[in-house]
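Here's a quick tour of a protein fold, written for someone who would rather look at a model than read a table. Keep the viewer open and follow along.

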Amino acid sequence: MTTPPPPALLIAGHGTRDDAGAEAFRDFVRELGRRHPELPVAGGFIELSPPPLGEAVAELVERGVRRFAAVPLMLVSAGHAKGDIPAALAREKERHPGISYAYGRPLGPHPALLRVLERRLEEALRGTDGERSDVTVLLVGRGSTDPDANAEVFKAARLLWEGRGYAGVETAFVSLAAPDVPSGLDRCARLGARRIVVLPYFLFTGILPDRVRRQTGEWAAAHPETEVRSADVIGPEPELLDLVMERYAEAVKGDLRMNCDSCVYRVALPGFEDKVGLPQQPHFHPDDDGHGDHHGEHGEHGGHGGHHHGHHQHGGHTHSHAH
């Protein structure tokens, strides 16, 4: 009896208007392919950058793939991971009859990524005097209209603080959610911080990490009494490559452990009651042949305007938010 080949790996990315950030994603996908020659590997974006996710699926199909596992290359489970990607995958299944897929979960927070974040902090502090106990960290996330996604950034901040000896780890967002970067820095200062490292909670460079660095520099120039340093993004570290494969293995085995306890599409959170059970619709990538450009209400920040989400497609079954 012939053993069927393992499912292919499909990487789903946010997309960015920053050419270097988009190329970093494409390089990352190519590196995964080099490290795992036993697997067909492809990657695409939901918006803003080529190739679109549909083109990546078509590439796999042309290579003879009938089964794949899709992993969202995203740190938190916001609108893209909860709605746009599952809807896009359902659309691709209609476009390519006979394919099947499993859908994995986002990456963080994960101990491996926390180790990389700690390394980025050490790099930012290199050459300075003082102890960790003198350093306050401001972890800056993307920001979302989804409170569950924003809460995950706060969870990552707390996990980064635990056991590492920093004076504190505060949280801010660069878009769509409060507090913003200047407000986060103000809070650190009011709490008595004299040494601050601003740590972007982003995988790769892009428009938003650049904005974090710029806003940090502006705040530091206006507050010369406070030492402020900027750390780098996570980047294509070995830990990140290994974590993607861990998420791939979970999806293939069906061991997803999705957390829907505070998902606005399943639970009536205050102020978000109207989102419960809304049907999902695919996000149309401007480079996806045969579809118009509908990305105007998303933009770089990943906001979701009038998009609706109600179900996740996980391989052979549908996971509904409207239970």
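To follow the helix packing below, note that axes here are lines fitted to C-alpha atoms, for helices over the stretch in contact, and angles run from 0 to 180 degrees between N-to-C directions. Keep in mind that this is a predicted model. Take the contacts between residues at least 6 apart in sequence: 76% of them link residues at least 24 apart.

**Two helices packed together**

- Two packed helices are described by the angle between their axes and the distance between the axes.
- Helix 2 (residues 53-62) packs with helix 3 (residues 79-95) at about 45°, and the axes lie 10 Å apart.
- Angles under 35 degrees count as roughly parallel and those from 65 to 115 as roughly perpendicular, so helix 2 and helix 3 come out as oblique to each other.
- The crossing of these two, helix 2 and helix 3, is right-handed.
- On the helix 2 side, the contact is made by L53, G54 and V57, while helix 3 brings in I85, A88, L89, E92 and R95.

**The sheet with order 2-1-3-4**

- Strands of a sheet pair through backbone hydrogen bonds, either parallel or antiparallel.
- Here, 4 strands make an open sheet in the order 2-1-3-4, with parallel pairing.
- Strand 2 and strand 4 (100-103) are the edge strands, each pairing on one side only.
- From one strand to the next, the twist averages 25°.
- Strand 3 (residues 67-72) and strand 4 run parallel and are joined by 4 bridges; R67 has S100 of strand 4 as its bridge partner.
- Helix 2 packs on this sheet, where it touches strand 1 (8-13), strand 2 and strand 3, and its direction makes about 160° with that of strand 2.
- Helix 3 packs on the sheet too, touching strand 1, strand 3 and strand 4; its direction makes about 175° with that of strand 4.

**The sheet with order 6-5-7-8**

- Another open sheet of 4 strands has the order 6-5-7-8, again with parallel pairing.
- Its edge strands are strand 6 and strand 8, and each pairs on one side only.
- Neighbouring strands of this sheet are turned by 25° against each other on average, direction ignored.
- V137 has V197 of strand 7 as its bridge partner.
- Helix 5 (residues 147-161) packs on the sheet and touches strand 5, strand 6 and strand 7; its direction makes about 160° with that of strand 6.
- Helix 7 also packs on the sheet, in touch with strand 5, strand 7 and strand 8, and its direction makes about 170° with that of strand 8.

**Zooming in on strand 7**

- How many of the residues of strand 7 are buried? The count is 6 of 6 for this strand (residues 195-200), so strand 7 is largely enclosed by the rest of the structure.
- R195, V197 and L199 point one way from strand 7, I196, V198 and P200 point the other way, and all are buried.
- Strand 5 (residues 135-141) pairs with strand 7 in the parallel sense over 6 bridges, and V135 stands opposite R195.
- Strand 8 (residues 227-230) also runs parallel to strand 7, joined to it by 4 bridges, with V198 opposite S230.
- To get from strand 7 to strand 8, the chain crosses through helix 7 (residues 207-222), and this β-α-β crossover is right-handed.

- Most residues other than glycine have a negative phi, and most peptide bonds are trans.
- The loop between strand 2 (41-45) and helix 2 holds P51, which is joined to P50 by a cis peptide bond with omega at about 0°.
- L48 sits in the loop between strand 2 and helix 2, and its phi is positive, near 75°.
- Is L48 buried or exposed? Its relative accessibility is 16%, so L48 counts as buried.
- The loop between strand 6 (168-173) and helix 6 (181-190) holds P179, and the peptide bond from A178 to P179 is cis, with omega near 0°.
- L176 lies in the loop between strand 6 and helix 6, and its phi is positive, near 70°.
- L176 has a relative accessible area of 42%, so it is partly exposed.

Definitions and conventions:
Residues numbered from 1 in each chain as written. Predicted model: local features only at pLDDT ≥ 70, side-chain atom pairs only at ≥ 80, totals over all residues. Heavy atoms only, no water. Buried < 20%, exposed > 50% of the residue type's maximum accessible area, 1.4 Å probe, protein only. Pairing = 2+ DSSP bridges. Right-handed = clockwise from strand over helix to strand, strands pointing away. Parallel < 35°, antiparallel > 145°, perpendicular 65-115°, else oblique. Left-handed = near helix turned anticlockwise from the far one by under 90°. Contact = heavy atoms within 4.5 Å.
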